[in-house]
Amino acid sequence: MPKKPRSEQEVQKVREEILDKTLELINEVGYENFTMRKLANKLNMTATPIYQYYKNKDELYLAALTQGFETLCNVAEKARDEGKDPMERLRFVIRDVILFGLEHPGVYNILFISAVPKYYDYVGTENEDAAKRELDAAMRFRDFLVEVAEESGLLDDEGGEGVLMKLLSGFCTVHGYVALANSQITDYLLGPLVQTDSPELVDFLIDTVLENYQK
């Protein structure tokens, strides 16, 4: 008797599991050492089913990266919707970006820290379309941050490149803290008993970012 085809929901669940394990494995072994066979072992299956969904390692990696940026953007958009006014919305977005980085260090590491291929590495290759989807997801997150920052009124006197430079400065503060916390350097700077995701510490970081915007 032939095997019953998977439903659309089942197919989507398999795809998501493959992408989740891809990010997890790349974070563990690095992009260069990532292989379909190692991923298959992590998924307790053969590599053949994976090729039914993704034609090669790079398409799979790019799809996982795209999902990571989309997830982060969805988290930030949900945080904005919780705010009652533009400034509170901005604070909530910064807060949840920080918490995302602390709660999902493996994903955050691949998105913002690891030396992995990016869009320009794939221009002119068979994976350019997949790379463009990843780039679009990353730019969606960037444009969302600009929009929320501008809505707060803190960047009213800025324009074009000035907005992006202030956004970069603010993100460097957030990114630097998340990177230090995830590498446990904060244990030495602040002490091992300090909770890196404590509301007081997160609020301090948010205040630091907002003060920078006001300069």
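Tutor: The largest pocket has a volume of about 510 Å³. A pocket here is an open set of points on a 1 Å grid over the protein atoms alone, with protein on both sides within 12 Å along at least five of seven lines. Grid points are joined across faces, edges and corners, and the volume is the space filled by probe spheres set on them. This is a predicted model: local features need pLDDT of at least 70, side-chain atom pairs count only at pLDDT 80 or more, and totals for chains, interfaces and linings use all residues. Residues are numbered from 1 along each chain as its sequence is written, and side-chain values use heavy atoms, with hydrogens and water left out.

Now the lining. It has 18 residues; a lining residue has an atom within 4 Å of a point. Phe 69, Phe 112, Ala 138, Met 139 and Arg 142 lie nearest the pocket's centre. Helices α6, α7 and α8 each give two or more residues. Helices are DSSP runs (H or I, at least four residues), numbered from the N terminus. The most comes from α7, with 7 residues. By class, the lining has 15 nonpolar, no polar and 3 charged residues. Nonpolar means Ala, Val, Leu, Ile, Met, Phe, Trp, Tyr, Cys and Pro; charged means Asp, Glu, Lys and Arg; the others, Gly among them, are polar.

Follow Phe 112 next. The model has 6 aromatic pairs, counted for rings of Phe, Tyr and Trp (its six-membered ring) with centres within 6.5 Å. Phe 112 and Phe 141 have ring centres 6.4 Å apart and planes at 50°, so their pair is tilted (under 30 degrees is stacked, over 60 edge-to-face, the rest tilted). This pair links distant parts of the chain: Phe 112 sits in α6 and Phe 141 in α7, 29 residues apart.

Helix α6 (residues 105-112) also packs against α1 (residues 8-29), at about 75° with axes 9 Å apart. Axes are lines fitted to C-alpha atoms, for helices over the stretch in contact, and angles run from 0 to 180 degrees between N-to-C directions. The two helices are therefore roughly perpendicular (65 to 115 degrees; under 35 is roughly parallel, over 145 roughly antiparallel, the rest oblique). From α1, Leu 23, Ile 26 and Asn 27 make the contact, meaning heavy atoms within 4.5 Å. From α6 come Gly 106, Val 107, Asn 109 and Ile 110. This contact has 4 nonpolar, 3 polar and no charged residues.

Notes: 1 Å grid on protein atoms, 1.4 Å probe; cavity = no way out; pocket = protein on both sides within 12 Å on 5 of 7 lines; lining within 4 Å.
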